Amino acid sequence: MASVPETTAAAGTGRTPLDTREVRAGQNPLFDAGEPAALTSLQLMRLLDTGPRGLTEQQAEERLVRHGENVVPAWRPVSWPRRFLGSLRDPFTTVLLCLGLVSAAVASWGTACVIMVLVVVSCVLRSGGEHQASRSMAALRELVATTASVQRRADDESSPAVRELPVDQLVVGDVVRLGAGDLVPADVRLLRSSGLTVHQAALTGESEPVPKYARDAPADGGAELPEPPHLCFQGSSVASGSGTAVVIATGADTRFAAAYRDPARRHTETAFDRSVHGIAWTLIRFMLVTPPLVLMANAALRGRGLETLPFAIAVAVGLTPEMLPVIVTAALARGASALARTSGVIVKRLPALHDLGAIDVLCLDKTGTLTQDRPVVERSVDARGNDDPDVLRWAAVNSFWTLELAELPAPDTLDEAILGAAGDQGTDPAEYDGIAALPFDPSRRLATAVVRRPGQHGTHTLVVKGATEDILGRCGRLVVDGAATDLGDEERERLLGFAAREAADGLRLLAVARAERPARLGSYGHHDLRGLTFLGFVALRDALTPSAGEALDDLARRGVAVKILTGDHPGTAARACRDLGLDPGEVLTADRLGTLTGPPLAEAVGRATVVARCTAQDKARIVAALRESGRTTGYLGDGVNDLPALHAADVGICPRGAVTVARERADVVLAEKDLTAIDRAITAGRNSSGNIAAYLRITLSSNLGNVIAMLAAGLLLPFLPMLPAQVLVQNLFFDAAQLAFAFDRPAHAALRKPAVLRPRAFLRYITAFGLLNAAADIATFAVLAVALHTTAGPGDPAMFHAGWFTENLLTQAMVMLLLRTGRHAAETRAAGPVHLAVAALAVIGVLLPLSPLGPTLDMSPPPPLYYALLAAVLTLYGIALAAARKRHASRQN
Ligand SMILES: Nc1ncnc2c1ncn2[C@@H]1O[C@H](COP(=O)(O)OP(=O)(O)OP(=O)(O)O)[C@@H](O)[C@H]1O
Ligand SMILES: [Mg+2]
């Protein structure tokens, strides 16, 4: 079947992935000492011969040599011989092998040999192609490889330094820093953390992020919890906050490796599987019923016995598109490398290129896609809408300390803009003492800093900034003209209205609030954020990306619907769309969609262009619903809050600058967050899929026609219409010629719409053209009878076979030329690979029976009259083909 290197079976072992005991087999000292979760961090670090300052470079190097790289075994590259053996497991090959064995069993050695040649040739071509493709894919993936922030020392005396290291270089005992958007690079135990939450969907299937925090081995038996809160596992990702942790297991020892033998793909079924595999399986069923059908028909109508078996088998082989895997791999690999070369777009898994071509709805986030992600503070205002530098000052205190107190600060353009503007107005947030921080949490849409004002030792000031609705929901009072008063419902409505107006003007708005609390030693949590006092707004403007408007137009022209799924205010998003010429229509907010899922959700979203105030889970829910409703869905995003959606989409796309996990999880990585590049990637996908589809249509309709004609002729003639070896040889030539489709450039028409193969429409197509082909064959059959009767006397099988061999290859050449997707005369003129293949096929078809090779294949030259009549049949066939294709094309549009 058509599978390409990076497709793998759905993972899943049925066991709970977090069963600790599964990982004990490795050579990790920890697992002989007991549960890592049950030790105190000091005991643990002593056991791992490391310390809070990290390993020295030399220690790390020794460990790397001893324990190997931190690579999940299933992700190691596959060697060429293993690939060859793997390709033998392909269902088409299996069917061919079975047919070969049956032929050998009935001592039909010629047939058996030709089938074996077919199997070997297709497996060599395929595994060679896949090997090459996967090497170039690996090279491309290398360009976007994942790194981890590791703390190491040059030697025992030096102080530790944090540096970025490829994830595969990590060893047990390394001290790593984790920040929002990072991939947890190995199994780790937390030493410190701040507001850390982790997505473990890849491990537990649970979609909400779980809080993780450092703590010492619990006397309360916490180690036995299914999910010890102080352990984070490879395969999960940081949703918010940051932390410092020590690596306790790498590579094959991690829970991820133990739980999933084959974790590369997580989807049950991609668009690629749905179209190409679906069609392949239909064909295999066809092939399996063909031999018994031929045998039965011959036995019933002609009284022939088992001697027709080799012929029946040859007919079934003739139906097999054995070059399908080769063509699929070659077409996709060529497309992917061209895309990387010309547009800097990296397709990390080959089938994703096909899926790109099939995308009919593309979901985007707003920042950096429609806008430039270079916000500038426009103004800061109080609750009355009057300019107030104090609000900006508090926002800056919040930005400064949330970044300063993070273990690994996540860069954030809004915070940078606020700090820049506050610096310009002379604010120095470092005047305050930072006590604690709750970093920005995309699902709560707020960030909190707890500070102590100079001279106020008994008081902690909580400074909170975030989305207007979320902040107002936590405020009980507001400051007006320097004095705090109660915040009533009316005032709340007024502030929401003000925010909506500012948003409609295209501004991004952050609300700022504050609360004073008696100083305390304990930690702060979100439950402390109540009864705040509202201070005002900071309004920022993020300029639009100039090329976005044109790219949106192009996408619309290509039949791709665009949906903006954003965490921002509906007004800001709608304004951005409008300014770029995209009609936002009805603007939804995620809370209005409530708990809808599946078809009702897909329908609601189908009518809208913008869904605002989405959390990460909302984005994923919407993408999943669109997919379930049968739409091939792409998702472009770069933030932590885009991860679940990237995961849920058929094709996850992110820019190279995206957070680490996004880059790791995405199927396609763009050089920049640029809609124009997506447009080019989609075109490349449609190019490749168009070639695969053309191959399938042409091969299958032609093969089906042959089978029908052969069945009919077999029943009418006193001898077999073609010898098994002849069927196989002509099949071999046809297959070889078809390889040209991997290198073809499809017609413009094929690029106008999402490239999906709908199995039903497809089968209708091949039946119609197959019948037409059979009609031509049968006409030839009549013509042969006339020609042979007038010259050589009826019933000379060798001449008949030669005549039909020629006709078959010539009609196949014509089909190749005429059935490439709906191209116009102007497009056909340039000679391409398909033209060369067609010419070669025609020459072989005419000359082979006349050449010295003819007699070896039991063929003798037919009389000249035959060729004259054949020319007439082929002309009629060509006219009929062209007319049928035109009708088909007009019905398609
Ligand atoms: N650093 C921050 N501190 C406080 N609040 C923030 C911060 N960044 C964003 N917000 C708030 O959270 C809301 C959602 O922003 P976020 O960046 O998560 O949305 P998003 O889905 O990534 O948006 P986009 O589609 O524009 O990428 C913003 O409208 C803003 O109110
Ligand atoms: Mg974002």
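Q: Which residues come nearest to ligand 1?
A: In this predicted model, 21 residues lie around ligand 1, and Asp365, Thr367, Ala467, Thr566 and Gly567 come nearest.

Q: And what classes of residue make up that shell around ligand 1?
A: The shell around ligand 1 is made up of seven nonpolar, seven polar and seven charged residues.

Q: Which domains does the shell draw at least three residues from?
A: At least three of the shell residues come from domain 3 (346-371 + 545-681), and at least three come from domain 4 (376-541). As for individual elements, α14 (413-424), β13 (446-452) and β14 (459-466) each give at least two residues to the shell around ligand 1.

Q: OK, switching to helices: is α13 mostly covered or mostly uncovered?
A: Helix α13, which runs over residues 389-404, is mostly covered, with 13 of its 16 residues buried. From its first C-alpha to its last, α13 reaches 22 Å, which is close to the 22 Å expected at 1.5 Å a residue.

Q: How many helices and strands does the protein chain have?
A: The protein chain has 30 helices and 24 strands, and of its 893 residues, 53% count as buried.

Q: What's the strand order in the open sheet of eight strands?
A: The order is β9-β24-β23-β22-β10-β19-β21-β20, and the pairing is mixed. The edge strands, each pairing on one side only, are β9 (346-347) and β20 (587-589).

Q: In which sense do β22 and β23 pair?
A: Strand β22 (residues 633-636) and strand β23 (residues 651-655) pair in the parallel sense, over three bridges, and Gly634 has Val651 in β23 as its bridge partner.

Conventions
Residues numbered from 1 in each chain as written. Chains lettered and ligands numbered in written order. Predicted model: local features only at pLDDT ≥ 70, side-chain atom pairs only at ≥ 80, totals over all residues. Near = placed C-beta within 6 Å. Helix = DSSP H or I, 4+ residues; strand = E, 2+ residues; numbered from the N terminus. Nonpolar A, V, L, I, M, F, W, Y, C, P; charged D, E, K, R; others polar. Domains from an automatic or database assignment. Expected span 1.5 Å × (residues − 1). Buried ≥ 20, exposed ≤ 12 C-beta atoms within 10 Å, placed from the backbone. Pairing = 2+ DSSP bridges.
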